[in-house]
Amino acid sequence: MDIGPIWRAMLRNKAGFVLIALQVAVTLTIMVNAVGIIQERSGRIDRPSGLDEENTFAFASVLFTEYEREQRKVLIDEDLDLIRSTPGVLSAIASISYPLRQGGWSMSLSLEPGNQTPESVSSAIYFVDEHGADTFDVEVIDGKNFAPEQVTWSSENDNTWPAYGIITEALGKEMWPDETGSYVGKTMFINDNDPVNVVGVIDNLQAPWPSWTGLERSMLVPQRRPSEFVRYIVRTEPGLRDELMPALEAALAASNKDRIIRDMTTMEETRKLAYVGDSAMIKILSFIVLLLTIITALGIVGLASFNVSRRTRQIGIRRALGASKPAVVRYFMIENSIVSAIGLTLGSALAIGLNIVMVDAFSLEPLAWYVIPVGVLVLWVVGQLAVAGPARRASNIAPAIATRSS
């Protein structure tokens, strides 16, 4: 079928086709950039925390009776003995925080003693004992884990930090960007002047703050803190987490009546809460993309239906002159393809321009190379499906009825 007559016929009704082309262009522009944001947010949500999330849970123990410092230390030891001796528990620690909890401790690290400088690097701090690596299920890829004698209790009168630390590989690369060998044995300074010797390197352990730019920078510190509020992190054997959570809660509540056990939560619940904003944005953008696609399809259906009713006589004459039903359907399909091609070409250019602006303004990732071609294909298919119904109705117009219409 010659495209020339179709194009000339379209020029006699430019307004409707221009509006549909602009609608397709705007839809493609918004669609591909929304998909880019959805991909980025989905990637954020799926980042591994480093924990054995399916088998890890946490809870808090809060004293409501005043205990002396030494009594609190004894209570923490008793709690950990009870937890670790429970069948099905692989490891447990008392710590201030854990990945994705959205609250924790961070400190600035530097290679020279003294006040912080622009070269200082911030890191999440996890206070642990010798069971920390096992509880967090992290692999010590270089060096070694803490020895029991390296673990100390924090002192009320001494703010000096422990002399040892286990760092993530990401923190090591940030501290010593030019180092090609091992980070074990290197020294950095915390709290301005306290030296920390790196005794081990772990592969991955996220910070508690999912939106932090230094999410992969973490350090384990061999120190225990005897406070009235203690958070326990427990790792269980596969499949036993949900069974052990209420059992340990009841056992610990019964072992000491001077405190409450609360905030019992799984890592899956923690992850869901940490990324609730990203999940909401994904749902909103997905709805917007779906809504725009439907509106565009309805616009194409409306224009095609209008053209069919307006051209009833013309279609009937063509049918009377021997045009087949497939030829009539093909006419409308080609007409819609031309309009879509114009809109998709314009939309591709607008999408690239908008993405450049968004990358610069919001530090987003550039669109993947395949997003725009896929968006073009999807909208073209949607357009063809949308016009198929009116085109079939046009092909069913009886020549005799059409030629009698005014």
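Residues are numbered from 1 along each chain as its sequence is written, and side-chain values use heavy atoms, with hydrogens and water left out. Since this is a predicted model, local features need pLDDT of at least 70 and side-chain atom pairs count only at pLDDT 80 or more, while totals for chains, interfaces and linings use all residues.

Searching the whole structure turns up five cavities of 30 Å³ or more. A cavity here is a set of points on a 1 Å grid, over the protein atoms alone, where a 1.4 Å probe fits but cannot get out; lining residues have an atom within 4 Å of a point. Volume is the space filled by probe spheres set on the points, which are joined across faces, edges and corners. The largest cavity holds about 70 Å³. Its lining includes Phe 17, Ile 300, Asn 307, Glu 335 and Val 387. Helix 2 (14-45), helix 8 (276-310) and helix 10 (325-362) each give two or more residues to that lining. (Helices are DSSP runs of H or I with at least four residues, strands are E runs of at least two, and both are numbered from the N terminus.)

What about the nonpolar cores? These are sets of buried Ala, Val, Leu, Ile, Met, Phe, Trp, Tyr and Cys residues joined through side-chain atoms within 4.5 Å. The largest has 66 residues, with Leu 205 and Phe 332 among those touching the most other members. A second, separate core of 18 residues includes Leu 109 and Val 121.

| Residue | Strand | Relative accessible area |
|---|---|---|
| Asp 194 | strand 9 (residues 194-202) | 12% |
| Thr 265 | strand 12 (residues 259-266) | 16% |

Leaving aside neighbours within four places in sequence, Asp 194 has contacts (heavy atoms within 4.5 Å) that include Thr 160 and Trp 161. Asp 194 and Thr 160 sit 34 residues apart in sequence but 6.5 Å apart in space, C-alpha to C-alpha.

Conventions:
1 Å grid on protein atoms, 1.4 Å probe; cavity = no way out; pocket = protein on both sides within 12 Å on 5 of 7 lines; lining within 4 Å. Buried < 20%, exposed > 50% of the residue type's maximum accessible area, 1.4 Å probe, protein only.
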